[in-house]
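The entries follow in the order of the look-ups.

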Amino acid sequence: MSKGNEKQISLTRQEVRDFDKLAIEQWGVPSVVLMENAGRGVADAVEKFLQGNLAGKKIAIVAGVGNNGGDGFVVARHLHVRAATVKVFVVGNVDKMTADASINFDILKKIGIDVHLCSSSEISHLSSWLEQFDLIIDALGGTGITGALRGDLAAVVEQINSAGRSVIAVDIPTGLDCDTGQVQGPAVRANLTVTFVARKVGFDTPESADYTGEVIVADIGVPLVK
């Protein structure tokens, strides 16, 4: 987890993008390595949240097809290795999955982690499935989301919130604006948010706490420069 001054710095959406570009293009850290480090950091936080006892815990990861979903796929693998019972619910068109997310998605399938591709017709039943788990991890959408959620994404968020289980958000609760801390429609209400590199500017808005819960910062293996 992050230490020192990094906890006092908050990043905007553009600064997050600039940081990733710096790490990848100037420092030469492959983007898939950043994803691996991020996912492992979330897995560490999940283990701590569950008081170090993952064996037999049933954990649902609800993931999109972007890089936030890719982070979630990494989380799933690490929790599986640590003896949790993991199921990944994928929302979105897998044909449009980002390259790094696709790498980690393929790994999940090869090592036998339970993956379910959610069709639009199934989403209305999702909360009844999620109720069967001890914990839900929100890896639907990251800091790039702006405006009100629509369609399947909005419906899935509502299903997560109605499942009545503890929720951990990956980087930012889906539906919460990174820069303003506001919501314009459905947004995940998390008990804990594991954000990367530094807090996000929107988290400094008092109302955002209703969605983020506790916020902890996980590093992704490269120094913060701002």
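I took a cavity as a set of points, on a 1 Å grid over the protein atoms alone, where a 1.4 Å probe fits but cannot get out. A pocket is an open set with protein on both sides within 12 Å along at least five of seven lines, and lining residues have an atom within 4 Å of a point. Volume is the space filled by probe spheres set on the points, which are joined across faces, edges and corners.

The model is predicted, with local features needing pLDDT of at least 70 and side-chain atom pairs pLDDT 80 or more, whereas totals for chains, interfaces and linings use all residues. Residues are numbered from 1 along each chain, and side-chain values use heavy atoms, without hydrogens and water.

Entry 1, cavity. I found one cavity of 30 Å³ or more. The largest cavity has a volume of about 50 Å³, and its lining includes Ile 145, Asp 177 and Gln 184.

The largest pocket has a volume of about 550 Å³. Of its 23 lining residues, Val 16, Asp 20, Asn 67, Asp 71 and Asp 171 are the closest to its centre. Helix H1 (13-26) gives the largest share of this lining, five residues (helices are DSSP runs of H or I, at least four residues, numbered from the N terminus).

Terms used: Helices (H or I, at least four residues) and strands (E, at least two) are DSSP runs, numbered from the N terminus.
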